[in-house]
Every structure is written in structure tokens, then in C-alpha cells.
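Colleague: Hi! I'm new to this one, could you walk me through it?

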Amino acid sequence: MGRHVFIALVFARKADGDDMVRMILTDSNTPRDDVAHGGSFKSREMIFGGGGPAERQTGRMLIRRLINQYSYKQQFVQLAYIIPQKYHHLPASKAQKYHHHLTRTGMSMVTSVVRPHTALDEIDAKGEFKRTDAGYKHVIAPGSQYEPEAGRYHLYVSLACPWANGTLTALRYKGLEDIISVSVAHPVWRRTCVDETKSEDDTHVGWHFKSPGDAPVTNELGHGSYECDDACIPDTVNNCQTVRQLYEMANDDTGKYSTPVLWCKKTKTIVCNESLDILKMFDSVFDTNSLCKYPLRKLFPVNDSKKMAMTEELNSYIYPTVNNGVYRCGFARTQEAYTKAHTELFASLDKLEHHLASTTSSSSSSSSTFLTGEEFTWIDLRLYMTLVRFDPVYVVYFKTSAKRIMDYPNLLRYLRSCYAIPEVKATTNLRHIKMHYFASHPALNTYGIIPEYNGPELE
Ligand SMILES: N[C@@H](CCC(=O)N[C@@H](CS)C(=O)NCC(=O)O)C(=O)O
């Protein structure tokens, strides 16, 4: 396991107006999450005195040099602040306190050197995949900075990404396609450093936009040939070539360039990149003023507190052990981490199979179709997104191989019921799904070969 480093580059403004650059480097073998919240560091501190912008330049250069020197290729946190004189003498081990204080007092971050990374880098000291939280969580609401308006928002998705796919399905399910425009990324991750002036060691890979009929792309190692098919929709709003560029336009400091992205054309920034929050917005905030075609369709049963509580209870195990559980299997870097995730995943699938069996038998009609009864809700949407990828992708690619969905009669029936919803079917693209997973992570599948199998018949 790689070590983790915490670097704070602190610009201290002296009484005479000069800046002082203090660089604090702490490293530890504690996981990234712990680093961000404290933990035990062995620290060292370097102090550089003197002028303004040049010092910052030096600081940035030194940070880059240190990162290269120590081969801290992937996991670190960097902060750079102007702090008041009174903090000059705080010991390096209190670096976290600078951060907390500055966050509390709302002082602005003046600069930061963002390290681009992907989900494959989000691994803790035990080799377990730890997904980081989405960084943008503004809310569209009447009377707020983000008013529900026709034509103002744009949704960037990948059809392969279960989270982004869900938001697109919800958009169509609510009939928002005439008021919220959409871009669909090419499914295969490629190098995103399209700016030649950027540092050579910027090897980040991620989503690109392509137009139908563009030349096929290869995987990052040059293997395979992956067509730019009709499902690709380029970025006509910002003309970005990559999702990363969108985040950069929004002055991103998270370094993770994930889909979905809900973009505001008016303020030219990211409103939200958390799929569950986007689902909630789509489900309600456009219901008035004839903005959406189906205001009565509700993914969140907000008027039925019992049902709502049921969806939340289901989600409390479906999200960590199934939706995210398959990733915890696939991105695990130790046998223990994989085995733990795999055991939890199948315990949950067994439980869901049982749950669906009892839902069906207790129903008076023969069609107690979904997890909470007859109505398709957000929890069905989220579970479907994982189940439809399970047999064709996860069983092979993420080694979730104890059983297939094919082997669970109730889950299979349920999968088909979800697929029978026209908007679900219309937004399910197995071609993009398979292309993405099998071609995007050469560390897991060097030659980018895509298995033939498409999973069970869905109709
Ligand atoms: N919290 C996010 C997670 C989204 C997410 O992980 N998206 C993946 C694709 S499935 C992504 O774009 N990852 C980019 C990366 O790992 O660099 C959500 O649910 O919206």
C-alpha cells in the first residue's frame, strides 16, 4: 500500500505586507480519510521567508517536486491559504487546525494544486475501496440562487455509470427532456490532460465527449477499437472535450471528475454532482408551472411516510453492500477487502431475493412488482442500475461471482419489471455499459477485451 501525504502550503501575510510561505508536509500510513480528519502524523516543516507571488510559485514548485520525489502519485490533500499573522507559530502538527479554523471562519482558499484522481485511487490502508463524497451539492429550489427554469440546466452523463444513468432515467421518467438538455460522454476513459502545458506526470484518465461518427478510440494503452456511436452526445453548451474541463471551468478543487454533472448555464458552474440529490430535484422542483410532463409520477413517496421510511431502510443496506458493494469487490486491492465486500454483497442479494418473494406472496394481485409494492420508486431505480450491469459486467469484471442475477428467480423477475418501464428501457445501453467497464481500467483489463455475454433476456 502506498503511503499518504498531507501537504499544507500556507501563505502567511506578515505585518509589513510581505507574504511568507510555509510548507507543511506530513505523512503517515493512515488512510486518506483519517488524514483528512486528523490522525497521527510524523511531520516536518519547512519555512521559506520573503515576497509574494514568487514565493507562491516556489511553493507550488516544491510541492510538485516533493510529490515526484516521494512518488506520492495518488493520494494526498493539499491546502493553500492566506492566514493571519497569529498563526505563524503554530506547530506543523496543527496543520489540520488551520484548515478547520479557516473553514469555520470562511476565509477563502487562495490557491490549491489539485491532484486529479479517479475512483481507482480511493483505496484505504486495508486495500478497501472508499468512495469519496460528491463535492457539489447546491440545490435547485424556488426562491433560491438556482430557480427551477426551463432551458437553464444541462445534465452531463455517461450511460455506463449507474449513478448518472439513474439521473437520466429520472429526467425522462418525469418528462423533463424538453427543459433540461443532456450530453452523453463516450464510455471509454482516456487521458484527460489535453492541455500540453500541463505537467507531464498528469496521467489522469476520465470521461471524454465525442460526436457520433468520430474516429473510434482505443483504451489508454492503445488496445481495442471503441466506436463513437449514435448514443454519444457532445457538449454543445460549453464545448468541453472532457468532463474534467467542466470541473475546471467551475474552479474545481476536488480533483475527481465524475458523472453525473448538473450544470447551470446561467451561472456557468456545477450545481450538483451527487446523483441522489439530482434524483430528488428532478422528482419535485420542476413539478409546477408545467415544467415537467409527469408531475404526478413520484420516485420519492414523500406523502407516504411509511413507504418513504421503507425505501430509506432498504437503501441503508442496498447502497453500501450492493450499489457500492460491487465496486468494493472490483476495486479491492487485498483479498480480505474483496472477501468482505463479496460476502456482504451476496448476503444482501439473498435478503432482497427473500424480500421480493414475500412482497409478491403477500400481495392480493399477482403483480406486487417493486421493492415497496406496486410503484416504481428511487430505490428500485438505484437497485435496477446495479442489477442490469451485474451478469454482463460485474460477475466477470468485479469478480462478484458467487451467483448471477439469473440464479435468483425473484430478482430476475424484478429486473425485467423495471426494464419494462419505457423510460428505463430507453435509457439502458448495454453497449456503453460493457464498453466502459471493460475498456476503461487497463490495470484491470489490459487488452480491453469485452466479453460476448449480455446477461439475461430482459423482455
Ligand atoms: N456520488 C456520485 C458518484 C458518481 C460516480 O462515482 N461516478 C463515476 C462513474 S460510475 C465516475 O464518474 N467516476 C470518475 C472517476 O472515478 O474518476 C453520485 O452518486 O453521483
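**A first look**

Modeller: Among contacts in the protein between residues at least 6 apart in sequence, 70% join residues at least 24 apart. Two residues are in contact if their C-beta atoms, placed from the backbone, lie within 7 Å. This is a predicted model, where local features need pLDDT of at least 70 and side-chain atom pairs count only at pLDDT 80 or more, while totals for chains, interfaces and linings use all residues. Residues are numbered from 1 along each chain as its sequence is written.

Colleague: How many helices and strands does the protein have?

Modeller: There are 13 helices and 10 strands. Those are DSSP runs numbered from the N terminus: H or I of at least four residues for helices, E of at least two for strands.

Colleague: And what share of the residues is buried?

Modeller: Buried residues are 40% of the 459 in the protein. Buried means 20 or more other C-beta atoms within 10 Å of the residue's own, exposed means 12 or fewer, and partly exposed is in between, with C-beta atoms placed from the backbone.

Colleague: Let's pick a strand. Which way do the residues of β9 point?

Modeller: In β9 (residues 261–264), V261 and W263 point one way and L262 and C264 the other, and all are buried. In a regular strand, side chains alternate between the two faces of the sheet.

Colleague: Which strands is β9 joined to?

Modeller: Strand β5 (residues 153–157) runs antiparallel to β9, with four bridges between them, and L155 stands opposite L262. Strand β10 (residues 269–272) is also antiparallel to β9, with three bridges; there W263 has I270 as its bridge partner. Strands count as paired if DSSP finds at least two bridges between them.

Colleague: What's in the hairpin of β9 and β10?

Modeller: Four residues lie between the strands, and K268 takes a positive phi near 50°.

Colleague: Where else does W263 turn up?

Modeller: In the largest nonpolar core, which has 94 residues; W263, V271, Y384, L411 and L415 have the most contacts inside it. Helix α10 (residues 378–397) gives the most to this core, 13 residues. A nonpolar core is a set of buried Ala, Val, Leu, Ile, Met, Phe, Trp, Tyr and Cys residues joined through C-beta atoms within 7 Å.

Colleague: And what does V271 touch?

Modeller: Leaving aside neighbours within four places in sequence, its contacts include Y136, H138, L262 and W263.

Colleague: Changing topic: which peptide bond is cis?

Modeller: A cis bond joins T259 and P260, with omega about 0°. Most peptide bonds are trans.

Colleague: Is P260 buried or exposed?

Modeller: P260 counts as buried because it has 26 C-beta neighbours inside 10 Å. P260 sits in the loop between α5 (243–249) and β9. P260 and A164 are 96 residues apart in sequence, yet 4.4 Å apart in space, C-alpha to C-alpha.

Colleague: What about N239, buried or exposed?

Modeller: N239 is exposed because it has 9 C-beta neighbours inside 10 Å. N239 lies in the loop between β8 (205–208) and α5, and its phi is positive, near 55°, though N239 is not a glycine.
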